[in-house]
Amino acid sequence: MKKILCLLYLLSIFCFSHAQNENTYLEQKIDSTLSGMTIREKAGQLNQLDGRGTIENLKILIRKGEIGSVMNVTEPEIVNELQEIAYKQSRTGIPLVFTRDVVHGFKTMLPIPLGQAATFHPELIQKGARIAAIEATEHGVRWSFAPMIDISRDARWGRIAESFGEDTYLTEQMAVAVVNGFQGDNLSNPQSMAACAKHFIGYGTVEGGRDYNSTFIPERRLRNVYLPPFEAATKAGAATFMTSFNDNDGIPSTGNAFILKNVLRDEWGFDGFVVTDWASASEMISHGFAAGSKEVAMKSVNAGVDMEMVSYTFVKELPELVKEGKVKESTIDEAVRNILRIKYRLGLFDTPYVDEQQTSVMYAASHLEAAKQAAVESAILLKNDKEVLPLQPSVKTVAVVGPMANAPYEQLGTWIFDGEKARTQTPLNAIKEMVGDKVQVIYEPGLAYSREKNPVSVARAAAAAARADVILAFVGEESILSGEAHCLADL
């Protein structure tokens, strides 16, 4: 026993020493890369832009070293074209990191996150996140803006569908599952994708359930309810964090040094990088927290933000702010270090390109089976008192009603960029396949869409119901009724 304990002790010392050596080597590479950069190039690493639309301007900025990350480019050939410019034509040779909102699947769609939480099955959700990473990385996406782990208790808030719901502990478990699924055992694996814990912090409790609004969360509640999922994500190794749109007690998250430095860095030891949400830096002007773009850049980077999404104030203002002594160059250096650290861990310096010749795994049979299992486990039978389900053999006619019974696009759920409605299976079609010629299926939607006021087609649905042994009603909301900036005053 003593010999075994001694061997285990020596092994632990070896592993610790090896990890230390690896970290030291990585930090030396980061310092070497950083030492040759101009202040403009450093600010460029802190700049993230949207790649949708024309990319000619992007190419110019990449060549000048003024972009560190590009979002919403999913064509492998364009990813490689832009990466070639960054890697071989820019002075620094620092690769880009391409990102996308991969929220509940890339091509193979899982239930929305709220539905995933209803499975109470973290292992299954981790498997789904791994599938999403495998499919997204095939298109060059190496960083996802997920998981969204805001505690959400106001159903008027449109983004509640994108969250794991109201429970802190369940959200912790789901956060860890998604981080582990996205990132895998090794972030440098070409099929691994950096996770982004968002939105830091309190976004799910905006006043009145209104997007971009204010919050008033005292520190005790912040620590007991809202912070634990983010701490769990940090401990799971989440590579990045995203600041939230809201201000809490008057201080926007993008300018909040307490949460970004004191909590995230000092208390939790986070060593990845922090990105703003879409223009949440410049939106600090709307919050009355900054007077203009120069103050936006100064307050954001001094508070602990590393990368700015689309506001473009860092590249524009930071060089001058350093000259004026309002931002230390060492502060910018630390932000660049944090970004380079993740780029090195992703293996982008060694393997910057996506393999355009690889065999596609989109909609693989195993992916579809896992998505089906998640969908089944997310469903909750609330009541079956008369044992209507499963349908009895005596049923010969079924009326299927409701506009959601045959809405292919709506099957995808909210917050999907890459899902394809042609790949979905609607309830109506599934029922017809199931029963074949044994049961007559009468379909009358009743409404063209969920909010239609015209009662004419309701009468047809009622008539169909009167002729049927069983009525299957499919109700709900279209995907457009959930999501960012889709809050509801009246449920």
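Which residues line the second largest cavity? Gln-45, Ile-62, Gly-65, Ile-67, Ala-86, Ser-90, Thr-92, Ile-94 and Leu-96 do. I'll come back to that cavity in a moment.

Ground rules. This is a predicted model, where local features need pLDDT of at least 70 and side-chain atom pairs count only at pLDDT 80 or more, while totals for chains, interfaces and linings use all residues. Residues are numbered from 1 along each chain as its sequence is written, and side-chain values use heavy atoms, with hydrogens and water left out.

Cavities, then. On a 1 Å grid over the protein atoms alone, a cavity is a set of points where a 1.4 Å probe fits but cannot get out; a pocket is an open set with protein on both sides within 12 Å along at least five of seven lines; lining residues have an atom within 4 Å of a point. Grid points are joined across faces, edges and corners, and a volume is the space filled by probe spheres set on the points. We have two cavities of 30 Å³ or more.

The largest cavity holds about 130 Å³. Eighteen residues line the largest cavity, and Val-103, His-104, Gln-116, Val-178 and Phe-182 lie nearest its centre. Two or more lining residues come from each of α5 (113-117), α6 (122-137) and α7 (168-183). Helices here are DSSP runs (H or I, at least four residues), strands likewise (E, at least two), numbered from the N terminus. The largest share, four residues, is from α6. By class, the lining splits into 13 nonpolar, four polar and one charged.

The most, six residues, come from α1.

On to the cores. A nonpolar core is a set of buried Ala, Val, Leu, Ile, Met, Phe, Trp, Tyr and Cys residues joined through side-chain atoms within 4.5 Å. Buried means under 20% relative accessible area, exposed over 50%, partly exposed in between, with a 1.4 Å probe and protein chains only. The largest core has 81 residues; Leu-46, Trp-143, Phe-182, Phe-200, Phe-241 and Leu-318 touch the most other members. Take Phe-241: leaving out residues up to four places away in sequence, its contacts include Phe-200, Phe-230, Thr-234, Leu-264 and Trp-268. Contact means heavy atoms within 4.5 Å.

Phe-230 leads us to α9. Why is helix α9 (residues 228-235) largely enclosed by the rest of the structure? Because six of its eight residues are buried. They are Pro-228, Pro-229, Phe-230, Ala-232, Ala-233 and Thr-234. Those residues pack against α7, β5 (196-200), α8 (219-226), β6 (240-243) and α10 (257-267). Just after α9, Gly-237 has a positive phi of about 95 degrees.

Next, the sheet. Five strands make an open, parallel sheet in the order β4-β3-β2-β1-β10. At the edges stand β4 (143-144) and β10 (308-309), each with a single partner strand, so one side of each has no neighbour in the sheet. Two strands pair if DSSP finds at least two bridges between them. β1 (residues 47-50) and β2 (residues 69-71) have three bridges, in the parallel sense. One of them joins Gln-48 to Ser-69. β1 and β10 have two, also parallel. There, Asn-47 is the bridge partner of Glu-308.

Ala-146 and Pro-147 are joined by a cis peptide bond, omega about 10 degrees. Pro-147 sits in the loop between β4 and α7. The Phe-200 to Ile-201 bond is cis too, with omega near 15 degrees. Ile-201 is in the loop between β5 and α8.

Ala-279 is not a glycine, yet has a positive phi of about 55 degrees. Ala-279 is buried, at 14% relative accessible area, in the loop between β9 (273-275) and α11 (293-303). Trp-415 has a positive phi of about 60 degrees, in the loop between β11 (397-401) and α15 (427-435).

Notes: Ala, Val, Leu, Ile, Met, Phe, Trp, Tyr, Cys and Pro count as nonpolar, Asp, Glu, Lys and Arg as charged, and the others, Gly among them, as polar.
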